[in-house]
Amino acid sequence: MPGLTLSPTPHWVPTPLTKEKLEYADLAVIDLAKAGTLEDRRELAIQARDAISKQGFFYAINHGWTQTQTDRIFDIADVPFAQVSSEEKQRFLGNGDSGVYQGYKLRQYWHLNGGVRDQVEHYATNCDVFGREHPEPLRPFLPEIEAFAKHNHFNILFPILRILALGLELPEETLVEKHSFQASAETSARFMKYYPRTDDEETKTQNVWLKGHTDFGSLTILWSQPVAALQILSPEGKWQWIRHIPNALVINAGDALEFLSGGYYRATIHRVVQPPVDQRGYTRLGAYYFCQTDSNVKLACLVSNRTILDEAGVKPRFEDSEAPTMEAWRKGRTTAYGRTELKPGKEKGTEEEIINGIVVKHWN
């Protein structure tokens, strides 16, 4: 990373690509190198608008980092898992009980199904990377983690938000202005590591590692990695795999963006399942940037031209006066996820819970 002294760390060796024939989702590819002018962004807005409104996911390429820089962030991503002792991890717990993920969420915290608990560990820090303590082995890498967060925020998130605002016929800074790079926003860089499970666990959960769900924030930026496990629910109701594209980003909309767009940009249901046979036995390491608006932003519909919503056949989930703030929605979703008793949903294969008066569905 330019201008930074790189501390040594073991190199993370990516898992070989699967050779199995999987049914992959056909996602749009947004070239961020073409977002330099307003005219170019208006063209991209049509492409991104269609992708997010119909599928909720798309790939982003030419985001400004080389493959070497991406490889480096995956080397760093494994440090909090491979180089920090169990005892030290306990000192930095941030499971989400307080309504925010900061520090570690350890394995076995979320209940999945049939008495089985999760096997995913993650470590998160918000934008104020130096404003809190971190495990000692991770401290030499904090400048690079901060650079990762800033690159995601200013060079990826902001251009995409401008494109999406144009797609709603809004001034292009409308969404950007609601996503400050500040500690109170709780946007976070997060590293996650999924571990293989026992045959008994796979049987009891029908090979599902995380149930179908939506993210609660505005956008999620996932740095593409080779272990096939992420699936999205297509508009036709079929689970489809997400293909790995080297040095690409997988972008998906969350609840907050759906609320702000009046339902036009839909939060997409996705899940994590057991990888294909030739990738089982490997861990699945991920680098993410989970984006939220500022905590005090009320998640009411911003679309002034409601004809856009009418023509798309969508409408806001609630009246503007009933809209929760980002902080209230984050705390409600975070404290409940994997911890509360879900009730059978009205749709086949779904379970439900009520958060801030809004029905939240999970696909089991």
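Residues are numbered from 1 along each chain as its sequence is written. In this predicted model, local features need pLDDT of at least 70 and side-chain atom pairs count only at pLDDT 80 or more, while totals for chains, interfaces and linings use all residues, and side-chain values use heavy atoms, with hydrogens and water left out.

**Exercise 1. Describe the chain as a whole.**

Step 1. The secondary structure comprises 9 helices and 17 strands; helices (H or I, at least four residues) and strands (E, at least two) are DSSP runs, numbered from the N terminus.

Step 2. The radius of gyration is 20 Å, close to the 21 Å from the globule rule for 364 residues, so the chain is as compact as a globular protein of that length. The radius is taken over C-alpha atoms, and the rule is 2.2 Å times the number of residues to the power 0.38.

Step 3. Of the 364 residues, 60% count as buried (under 20% relative accessible area; exposed is over 50%, partly exposed in between; 1.4 Å probe, protein chains only).

Step 4. Among contacts (heavy atoms within 4.5 Å) with a separation of 6 or more, 75% are between residues 24 or more positions apart.

**Exercise 2. Locate the nonpolar cores.**

Step 1. A nonpolar core is a set of buried Ala, Val, Leu, Ile, Met, Phe, Trp, Tyr and Cys residues joined through side-chain atoms within 4.5 Å. The largest has 79 residues, and those with the most contacts inside it are Leu164, Phe191, Leu219, Ile221, Trp223 and Trp329.

Step 2. Helix α5 (residues 142–167) gives the largest share of this core, 13 residues.

Step 3. Apart from this core lies another, of 23 residues, including Tyr59, Leu112, Met192 and Leu230.

Step 4. Setting aside neighbours within four places in sequence, the contacts of Phe191 include Ile73, Phe81, Tyr123, Ile145 and Phe148.

**Exercise 3. Determine how strand β12 is placed.**

Step 1. In β12 (residues 249–253), 5 of the 5 residues are buried, so the strand is largely enclosed by the rest of the structure.

Step 2. In a regular strand the side chains alternate between the two faces of the sheet. Both faces of β12 are covered: Leu249, Ile251 and Ala253 are buried on one side, Val250 and Asn252 on the other.

Step 3. Strands pair if DSSP finds at least two bridges between them. β2 (residues 57–61) runs antiparallel to β12, with 4 bridges, and Tyr59 has Val250 as its bridge partner.

Step 4. β9 (residues 219–223) is also antiparallel to β12, joined by 5 bridges; here Leu219 stands opposite Ala253.
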